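Please keep the sequence and the model in view as you read.

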Amino acid sequence: MRKSRSVGASSQLNGFGKQDAESRRKKKTAEIAQALNVTPADVATLRRMAISEGGLLTDEIRRQVWPRLLNVSVDQIPEELEKVDRDNNKDFNQVLLDVQRSLRRFPPGMPDEQRAGLQEELIDIILQVLVKNPQLHYYQGYHDIVVTFLLVLGERLATALVEKLSTHHLRDFMDPTMDNTTHILNYLMPIIERVNPEVYDFMQQAEVGTIFALSWLITWFGHVLSDFRHVVRLYDFFLACHPLMPIYFAAVIVLHREEEVLECECDMAMMHHLLSRIPEDLPYETLISRAGDLFVQFPPSELARGVHQRSQETAVSTFKDFELASTQQRPDVVLRRRRKEQQLQQRTLEAKHGKVTVVQPTARRLMKLAVMGLTVALGAAALAVVNSALEWAPKLDILFP
């Protein structure tokens, strides 16, 4: 059995400004350590740390926090992974082709021998999950998510987390058809319409659709971002949030590029070409914050009224807008309590300083998001799993060159 290795670029804090960055980094590290050291772990605080500026700071911390965000017990993961019969596996050939084309997903300068070993581990993880869960169907782009977990966590831990992720957050992408994936993509335009009707109307006139965002959604942006630090920062955010958060992040990317969109020729091909290429210099922390704002402003339950309904058939719909495992932490109860606390703090400040202190809406909504973040006692989320004997492997070479 190959020894698992974790070789992810230990992603440094990329969101803090230079001033006081080190002190804030130390403070955040201490808060995370404290949340990890209590029994049981303070998952709410860990979630808030993953969402807030800078995310989880390093891959060493991610190895401790990601399992807790997905409610995976590290102690119960087998030390030795079962061998997979590649010769008689229906997905092996496609998985092999995709993994062989994934060279750019590995750190630059990595020795060929080490990369080849990791690619073998990547194949084993994917096949292991598919064999244990025959209701899941492999799709091109799945390997882009799995390789991120492998690089950060190593083979043993990555296998357990990828399995949990595949049966929950990614479940709809692993159906025998793309119907549920298309349904989730259909949330994109209603978000854009509510925030910027001008951009929405222009995109509608160009008839660009949402296919440009498909690879973003089903790879959690792993396929389209070249900087590994940005990828793991987004994974911190997505793992701490509702499964639909990637579609909100896709929306804020489009909205951030408002000027480019409106200056583009109103033509489907030109618009698709523009939108499908993500700029290298995106302000990720700003966009993460804005995506959180939009989720609280326009929750999936509200957007669903304007989307063609398949809600009872999608696994994502069973999360019920951050329905938490404990009724004491239901979003409405938590938010009302936090709002009262905020109002009390504001009145105290006003009395102390003799002036009105304004809490910016964006900051308030992001606080709500942190409180609302999924407790991912994922077993309690009772996600629907649709069993199917159909064999299906989408051929999306054009989307994943």
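## Salt bridges in the model

A salt bridge is counted here when a side-chain nitrogen of Lys or Arg lies within 4 Å of a carboxyl oxygen of Asp or Glu, and by this rule the structure holds 15 salt bridges. Side chains of opposite charge can pair when their charged atoms come close.

This is a predicted model, in which local features need pLDDT of at least 70 and side-chain atom pairs count only at pLDDT 80 or more, while totals for chains, interfaces and linings use all residues. Residues are numbered from 1 along each chain as its sequence is written, and side-chain values use heavy atoms, with hydrogens and water left out.

Helices are DSSP runs (H or I, at least four residues), numbered from the N terminus. Arg 156 and Glu 79 form a salt bridge with an N to O distance of 3.5 Å; because Arg 156 belongs to helix α7 (residues 155–166) and Glu 79 to the loop between α3 (59–69) and α4 (92–100), the pair ties together parts that are 77 residues apart in sequence.

In another salt bridge, the closest N and O atoms of Arg 105 and Asp 144 are 3.3 Å apart. Arg 105 sits in the loop between α4 and α5 (112–132) and Asp 144 in helix α6 (residues 142–153), so that this pair links distant parts of the chain, 39 residues apart.

## Buried and exposed partners

Buried means under 20% relative accessible area and exposed over 50%, with partly exposed in between (1.4 Å probe, protein chains only). Glu 79 counts as exposed at 61% relative accessibility, whereas Arg 105 and Asp 144 are both buried.

Arg 171 and Asp 175 also meet in a salt bridge, at 2.8 Å from N to O; Arg 171 is buried with a relative accessible area of 1%, and Asp 175 is buried with 8%.

How values were computed
Helices (H or I, at least four residues) and strands (E, at least two) are DSSP runs, numbered from the N terminus.
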